[in-house]
Amino acid sequence: MVKVQWTNDDFQVFSIDGLDERMEALTTTVRPKFQLLGEHFATYFSTKTGDEFFPHVAKHARRTINPPKDSWVAFAPYKRGYKALPHFQIGLWGTHLFIVVAVIYEAPQKSEMAERLLANVKPFNKLTDDFVLSGDHMSPDVVPFDKEQLQKLLTRLRDIKKGEFLVGRHLTIEQATAMSAEEFLAFAEETFDKLVPIYNAIIGK
């Protein structure tokens, strides 16, 4: 079983000044954990969806000045990239950990994806009160999950070029670091179990 336990050091990486210094800390401290989770959950999603999934650990390769404020491993059924497709993510900001399914502005068919979700909100009925929504993958801010916010974000995803949609769960630093490796894995799997039906609705499966 994959063993990933989060520590304060993982989150403090995002407080380190300087691109090179932060990237070095990310590479040595956080990235090995994302790689382990990548291997485990690529198999999980392949089994759950029937499509072969691939892990994509953030490299932040295009950055030349500003150090990254967050980092992640993403999962999609395409080996060469994930941004143009609906995808799952496990990632960190300096303030919290996130586990989400996302459609971001690079997805060429996002209007159709939004239409599918607006026509079929049933998969959202199983979400518990601790799920959150976001319309911007570049921001750590979220809103609590409710029907009104859901409608608003899905309409924006459909109608606005830069519209995005993310739904999932967050863990504070305190919550994430208090979990054993086994507890975190169980939490992540339980979260994804609720997100896979939403993903299937997004792709029209």
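**View 1. Strand β7 gives the most to the lining of the largest cavity, with 4 residues.** The model shown here, and in every view below, is predicted. The largest cavity has a volume of about 160 Å³. Its lining counts 19 residues, and the closest to its centre are Trp 93, Phe 98, His 137, Ser 139 and Leu 166. At least two lining residues come from each of β2 (70-76), β3 (87-93), β4 (96-103), β5 (131-134) and β7 (165-172). Sorted by class, the lining has 10 nonpolar, 7 polar and 2 charged residues.

**View 2. The second largest cavity has a volume of about 30 Å³.** The structure holds 2 cavities of 30 Å³ or more. Lining the second largest cavity are Leu 26, Val 30, Arg 31, Phe 34, Val 57, Ala 58, His 60 and Ser 71. Helix α2 (residues 19-49) provides the largest share of this lining, 4 residues. By class, the lining of the second largest cavity has 5 nonpolar, 2 polar and 1 charged residues.

**View 3. Ser 134 sits in strand β5.** Is Ser 134 buried or exposed? Its relative accessible area is 7%, so Ser 134 is buried; the cut-off for buried is under 20%. The Ser 134 side chain reaches the backbone nitrogen of Asp 136 at 3.1 Å. Setting aside neighbours within four places in sequence, Ser 134 is in contact with Asp 141, Val 142, Leu 153, Glu 164, Phe 165 and Leu 166.

**View 4. The rings of Phe 41 and Phe 75 form a pair.** The count of aromatic pairs comes to 18.

**View 5. The rings of Tyr 44 and Phe 192 form a tilted pair.** Their centres are 6.2 Å apart and their planes are at 45°, so the pair is tilted. Here too, distant parts of the chain are linked: Tyr 44 in helix α2 and Phe 192 in helix α6 (residues 181-203), 148 residues apart. Tyr 44 counts as buried at 11% relative accessibility. Phe 192 is buried, with a relative accessible area of 0%.

**View 6. Ring pairs link eight residues into a cluster: Phe 41, Tyr 44, Phe 45, Phe 53, Phe 75, Phe 88, Phe 192 and Tyr 199.**

Definitions and conventions
Residues numbered from 1 in each chain as written. Predicted model: local features only at pLDDT ≥ 70, side-chain atom pairs only at ≥ 80, totals over all residues. Heavy atoms only, no water. 1 Å grid on protein atoms, 1.4 Å probe; cavity = no way out; pocket = protein on both sides within 12 Å on 5 of 7 lines; lining within 4 Å. Points joined across faces, edges and corners; volume = space filled by probe spheres on them. Nonpolar A, V, L, I, M, F, W, Y, C, P; charged D, E, K, R; others polar. Buried < 20%, exposed > 50% of the residue type's maximum accessible area, 1.4 Å probe, protein only. Polar contact = N/O pair within 3.5 Å; in protein donor to acceptor, adjacent residues only side chain to side chain. Contact = heavy atoms within 4.5 Å. Phe/Tyr/Trp six-rings, centres within 6.5 Å; stacked < 30°, edge-to-face > 60°.
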